[in-house]
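Please keep the model open beside you as you read.

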Amino acid sequence: MLAAYAARFSPDSPVDGLEVGERPEPEARENWSVVEVRAASLNHHDLWSLRGVGLRAEQLPMVLGTDAAGVAPDGTEVVVHAVIGADGHGVGPREPRSLLSERYDGTLAQYVAVPTANLLPKPSELTFAEASCMPTAYLTAYRMLFSVAGLTPGQSVLVQGAGGGVATAAIVLGAAAGLEVTATSRSTAKRERALALGAAHAVETGARLPARVDAVLESVGQATWAHSVRSVKPGGTIAVCGATSGDAPPAELTRIFFQEIAVRGVTMGSRDDLAALLAFCARTGLRPVIDSQYPLTDVATALARLDAGAQTGKLVIAP
Ligand SMILES: NC(=O)c1ccc[n+]([C@@H]2O[C@H](COP(=O)([O-])OP(=O)(O)OC[C@H]3O[C@@H](n4cnc5c(N)ncnc54)[C@H](OP(=O)(O)O)[C@@H]3O)[C@@H](O)[C@H]2O)c1
């Protein structure tokens, strides 16, 4: 089958580690299903893998991709929950938690094998492309907003780095839930897009906010951490899911204890969270923000766009 895989690590120029070519088709095994991938979406995770973060050299070649929607062996249309092992489903009690493409081959291929319990029915309201955006960026943003920060309609949230997959997800999900969303971006065009997507305010990265917010969604890391700590209300929450620009900013400990700020880490979400997110989208008409779509043969172009930070929203790959 055709697949896009990490052939080698390339820390400074991740796309150079990518190859697109033939890989063996996954074999069916007990409690697992082989899904015919109709659409997959890229995440910054794919760039980390090509840089060698989270993978060991002896695991190469590894098919990339955490997110997919496709067709199960019985013909049902499904969305793939990318977290293997978290709930012990389908893989035994000693299975460590991993995401697809960290321990098992990922979704940037014509077929992917996953524990059958990781399959959820794709709502008919969503296209395969739209559904393929949900398992990582949308699930993480959903959990950050509603489970971890516990935000309710009328409250305020700051989303750092407006153009990213997680960030655009947080903007549209937050706006749909009646939150007052403020987004930051380095780019004027992305700030304008954030407003069009439902943000109430969009400011330059690092700019002082008119008022402090109930919660901050942080995925940028070093470049925005100090601003996140200064922008949250006393007693508010900073939900952190990533550190794209680096993870060694000053900790700002004095502000954190003095203002009683809660800092909460987030990694993905459960299968039940994903089911709730899919139902939310089907019911409300909310659709993911898709930047652009590419054939599997052109994954390198899509990854280069992600690496350059040129996108607004998700990049979708159709095998
Ligand atoms: N823990 C989890 O489960 C989980 C799930 C999903 C993602 N993540 C992590 O979260 C991060 C975002 O993921 P993603 O897929 O949404 O990535 P992405 O689509 O590549 O977005 C990254 C965004 O970060 C902003 N950014 C990057 N460098 C910056 C800098 N130096 N200064 C200011 N802003 C900067 C950019 O926003 P602007 O261009 O608008 O300024 C960019 O759009 C990644 O590190 C990823 O690994 C973690």
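1. Start with Asn31, which is partly exposed because its relative accessibility is 48%, between the 20% and 50% cut-offs. In this predicted model, Asn31 sits in the loop between β2 (18–22) and β3 (32–41). Its phi is positive, about 70°, although Asn31 is not a glycine. That deserves a look, since most residues other than glycine have a negative phi.

2. You will find Glu260 in the loop between α7 (253–258) and β16 (262–265). Is Glu260 buried or exposed? With a relative accessible area of 61%, Glu260 is exposed.

3. Next, please check the backbone at Pro61. The peptide bond from Leu60 to Pro61 is cis, with omega near -5°. Most peptide bonds are trans. Pro61 belongs to the loop between α1 and β4 (62–63).

4. How do helices α1 and α9 lie relative to each other? The axes of α1 (residues 44–51) and α9 (residues 299–307) come within 10 Å and cross at roughly 100°. This falls in the range of 65 to 115 degrees, so the two helices are roughly perpendicular. On the α1 side, the contact involves His44, Asp46, Leu47, Leu50 and Arg51, which meet Leu303, Leu306 and Asp307 of α9. By type, the residues of this contact are four nonpolar, one polar and three charged.

5. Nine of the 12 residues are buried, so α4 is largely enclosed by the rest of the structure. Among the buried ones are Gly165, Thr168, Ile171, Val172 and Leu173. Just after α4 comes Gly178, with a positive phi of about 80°.

6. Finally, turn to the largest nonpolar core, which has 48 residues. Which members touch the most others? They are Tyr138, Val157, Ile171, Leu173, Leu274 and Leu277. Elements that each supply at least two residues to this core include α2 (128–131), β11 (156–159), α4, β14 (213–218) and α8 (271–284). Helix α3 gives the most, with nine residues. As background, nonpolar side chains tend to be buried together in soluble globular proteins.

How values were computed. Residues numbered from 1 in each chain as written. Heavy atoms only, no water. Axes fitted to C-alpha atoms, helices over the stretch in contact; angles between N-to-C directions. Helix = DSSP H or I, 4+ residues; strand = E, 2+ residues; numbered from the N terminus. Parallel < 35°, antiparallel > 145°, perpendicular 65-115°, else oblique. Contact = heavy atoms within 4.5 Å. Nonpolar A, V, L, I, M, F, W, Y, C, P; charged D, E, K, R; others polar. Buried < 20%, exposed > 50% of the residue type's maximum accessible area, 1.4 Å probe, protein only. Core = buried A, V, L, I, M, F, W, Y, C linked by side-chain atoms within 4.5 Å.
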